[in-house]
Amino acid sequence: MAGQQFQYDDSGNTFFYFLTSFVGLIVIPATYYLWPRDQNAEQIRLKSLRRVHGRCLWYRLRLMKSQQSIVPTLKKAALLFGWAVFLLLAYKVSKLEREYQEYNPYEVLNLDPGASLSEIKKQYRILSLKFHPDKGGDEATFMRIAKAYAALTNEQSRQNWLIHGNPDGPGATSFGIALPAWIVDQKNSMLVLLVYGLAFMVILPVVVGTWWYRSIRYSGDQILINTTQLFMHFMYKTPNMNMKRLAMVLTAAFEFDPRSNKEATIRPTDNIEVPQLIRELGNINVKKKEPPFCYPYSLKARVLVLAHLARMDVSEELEEDQRFVVRKSPALLQEMINVGCQLTMMANSRGEKHEGFHAPRLVTIENCMKLTQMIVQGLQESKSPLLQLPHFEEEHLRYCISKKYKVRTLQDLVSLKDSDRRSMLRFLGEEKYDEVMAVLGSFPHITMDTKLQVLDDEDSNNITAGSIVTVTVTLTRKRMAVRNKTVRKQTAYGVALCIIIKCVVVLQEVVAATSTAAAKEEEDEASDKGSESDEGEANKDSPSERDEDSDKQSDTEVDEMAGDDEEEWEALQQSIQRRERALLETKSKVTHPVYSLYFPEEKQEWWWLYIADRRDQTLVSMPYHVCTLKDTEEVELKFPAPSKTGNYQYSVILRSDSYLGLDQIKPLKVATNCGGFMLVSVGMEWVFFSLFL
């Protein structure tokens with residue numbers, strides 16, 4: 001009766017199959033994910049950025065890292081070694097003999113397939129005389145010969161051989177276990193048990209426990225949970241937080257504490273160098289005893305951040321620590337913004353009547369955004385945004401803000417004529433001037449187009465109480481150089497248009513003066529003939545004709561209304577399809593590298609977009625972090641309609657997380673009434689504002 005047999009691999013052949021498959025499952029995916037990318041492509045990319053970003057700190061560090069790093073070489077060596085082992089095992093497997101061979105009685109009897117019965121009997125007698133045990137032959141060989149003879153002469157045995165491949169009928173199914181037999185040998189049982197216990201009862205729990213302990217300490221954005229709780233405590237405690245207080249809360253993050261983060265360090269030399277920096281910086285609230293601001297790690301991080309904003313030189317050891325603190329700061333400030341939004345939503349959900357719970361003020365959240373810009377550019381709050389450009393120093397600003405030019409922002413510098421700009425920047429040589437213009441031309445210029453509607457409603461322009469208002473903002477990113485050309489063209493077109501308008505006005509005045517006299521003479525005649533013509537026209541149209549005209553007019557109005565409904569329905573469907581595509585589509589967060597002279601890491605251009613009530617200093621919609629704006633991006637901002645009637649002044653605000661002086665604000669006017677709410681977008685020119693102003 002057929003059964004199953006399990007046996008260990010005595011020959012070791014099956015184990016090689018298992019080992020080859022195991023190594024292949026590791027080597028092939030590891031090669032795809034870990035093989036160093038083409039270094040030439042990265043070098044070409046860096047070379048293309050050299051003209052603009054050559055002076056940036058992150059660019060110089062990237063060049064040094066690419067030249068000194070041996071990690072790609074080690075990765076290649078490890079992967080090549082893995083492939084060598086895999087190929088060696090594959091070659092070994094290809095040379096192994098197959099243990100299973102198909103049973104063939106003709107081969108056992110040394111006969112050709114299809115031999116006659118007489119030939120089979122004759123060959124059997126010859127082999128029997130030679131291998132019979134009574135004749136001194138091998139018993140095992142004789143048993144194989146007898147089995148082969150029966151398979152060819154006995155009808156039942158022959159049928160079993162033809163059907164099952166075995167004259168004895170279906171046999172037991174044999175399964176080979178890909179482990180050598182010595183593993184289950186009684187002599188090695190204690191050693192095998194020790195290895196299994198060490199692997200599954202010690203190593204595996206330690207690895208899983210370590211991973212779990214580390215993972216639960218961080219949020220989804222890789223920020224320590226303790227840091228998030230710290231931010232929430234101080235933002236709840238101080239809803240209106242100024243820039244100095246904000247810097248203190250930022251540098252109190254546990255990411256800078258060596259007890260919570262191994263990357264942070266406290267050096268013995270800090271006791272000498274940090275107090276020296278404190279004396280150079282001036283008043284930074286050193287004597288404040290409020291924890292954790294008085295802790296050494298917090299004080300050191302605060303001093304390093306303020307020294308970075310002041311563009312002060314520090315020692316080599318502190319410079320390494322400063323780069324670590326500066327590199328971590330943008331992500332921590334983004335976490336502070338998220339915490340501020342969560343507290344705002346909690347306050348809104350509890351209602352205005354709830355006392356004792358205050359949401360962070362708008363100025364607090366906007367100060368977080370401003371501090372991010374300041375840290376990326378290495379500038380203090382009161383400094384001019386022109387200092388973001390290369391070769392610009394404090395003493396050069398007097399040329400820009402003079403009465404002749406009055407250049408205070410990057411936009412003012414772009415809008416100047418080439419001759420005036422070159423004259424103003426006469427302190428720069430030709431090479432430096434070309435570099436400044438290349439950098440300025442690479443800065444972003446964003447245009448915003450807004451559309452207000454209520455989705456899933458019959459009338460998208462009529463907003464009732466409790467409905468959700470959707471503001472669709474289309475952002476278009478261009479370079480400053482392109483914007484400069486556009487401004488000049490618009491200026492030329494504007495001048496030409498003014499001349500044309502003046503000519504048309506003069507011509508209209510002349511035509512009006514000449515036609516006044518003729519109009520007076522024709523008034524009497526027109527009045528006499530008018531009554532007669534009115535009577536005649538009234539008699540021409542019968543009542544039936546007038547009814548037909550009214551029916552046609554009503555049909556036309558119905559068709560127009562149906563057409564409007566179809567257009568609104570199509571617009572709604574297109575909006576839903578765009579949202580579904582946005583959910584399924586994964587866009588790259590690599591947009592455009594930021595020009596930053598003092599930031600130690602390559603950073604991409606990202607933006608914050610939100611709606612605020614600047615009068616009440618509150619957020620209307622939560623800030624949306626736009627991380628995929630490469631050319632054009634469409635963002636939907638939602639907020640509940642006001643519950644009271646009246647006029648509301650809102651603002652759509654776009655803030656950069658990397659550049660100073662490129663923020664934009666577009667006003668929105670919300671007019672509400674008893675029957676519904678009508679939202680009107682006020683088409684005004686963009687209002688640029690900078691920290692310098």
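**Exercise 1.** Identify the buried residues of H11 and the helices against which they pack.

*Solution.* Step 1: the buried residues (buried means under 20% relative accessible area, exposed over 50% and partly exposed in between, with a 1.4 Å probe and protein chains only) are Met243, Arg245, Leu246, Ala247, Met248, Val249, Leu250 and Thr251. Step 2: eight of the nine residues of helix H11 (residues 243-251) are thus buried, so H11 is largely enclosed by the rest of the structure. Helices (H or I, at least four residues) and strands (E, at least two) are DSSP runs, numbered from the N terminus. Step 3: the buried residues of H11 pack against helix H10 (225-237), helix H13 (296-309), helix H14 (316-350) and helix H15 (362-377); contact here means heavy atoms within 4.5 Å.

Two conventions apply throughout. This is a predicted model, in which local features need pLDDT of at least 70 and side-chain atom pairs count only at pLDDT 80 or more, whereas totals for chains, interfaces and linings use all residues. Residues are numbered from 1 along each chain as its sequence is written, and side-chain values use heavy atoms, with hydrogens and water left out.

**Exercise 2.** Describe how H12 packs against H13, and which residues make the contact.

*Solution.* Step 1: two packed helices are described by the angle between their axes and the distance between the axes. Axes are lines fitted to C-alpha atoms, for helices over the stretch in contact, and angles run from 0 to 180 degrees between N-to-C directions. Step 2: the axes of helix H12 (residues 270-281) and H13 come within 10 Å and cross at roughly 50 degrees. H12 is therefore oblique to H13; angles under 35 degrees count as roughly parallel, over 145 as roughly antiparallel, 65 to 115 as roughly perpendicular and the rest as oblique. Step 3: from H12, the contact involves Asp270, Val274, Leu277, Ile278 and Leu281, and from H13, Leu299, Lys300, Val303, Leu304, Leu306 and Ala307. Step 4: by class, the contact of H12 with H13 comprises nine nonpolar, no polar and two charged residues. Ala, Val, Leu, Ile, Met, Phe, Trp, Tyr, Cys and Pro count as nonpolar, Asp, Glu, Lys and Arg as charged, and the others, Gly among them, as polar.

**Exercise 3.** Carry out the corresponding analysis for H13 and H14.

*Solution.* Step 1: the axes of H13 and H14 are 9 Å apart, at an angle of about 85 degrees. H13 is therefore roughly perpendicular to H14. Step 2: Lys300, Ala301, Leu304, Val305, Ala307 and His308 of H13 meet Leu318, Asp321, Gln322, Val325, Val326 and Ser329 of H14. Step 3: the residues of the contact of H13 with H14 are seven nonpolar, three polar and two charged.

**Exercise 4.** Examine the backbone at Pro292, Arg311 and Gln617.

*Solution.* Step 1: most residues other than glycine have a negative phi, and most peptide bonds are trans. Step 2: the peptide bond from Pro291 to Pro292 is cis, with omega near 0 degrees; Pro292 lies in the loop between H12 and H13. Step 3: Arg311, although not a glycine, has a positive phi of about 55 degrees. Arg311 belongs to the loop between H13 and H14 and is partly exposed, at a relative accessible area of 24%. Step 4: Gln617 is not a glycine, yet has a positive phi of about 55 degrees. Gln617 sits in the loop between strand E6 (607-613) and strand E7 (618-619) and, at 22% relative accessibility, counts as partly exposed.

**Exercise 5.** Characterise the surroundings of Asp657.

*Solution.* Step 1: Asp657 is in the loop between strand E10 (646-656) and strand E11 (663-672), and is buried at 3% relative accessibility. Step 2: Asp657 and Met374 are 283 residues apart in sequence but 9.0 Å apart in space, C-alpha to C-alpha. Step 3: leaving aside neighbours within four places in sequence, the contacts of Asp657 include Thr372, Gln373, Val376, Trp606, Trp607 and His625. Step 4: the side chains of Asp657 and Ser658 make a polar contact of 2.8 Å. A polar contact is a pair of N or O atoms within 3.5 Å; within protein, one must be able to donate a hydrogen and the other to accept it, and residues adjacent in sequence count only if both atoms are side-chain atoms.
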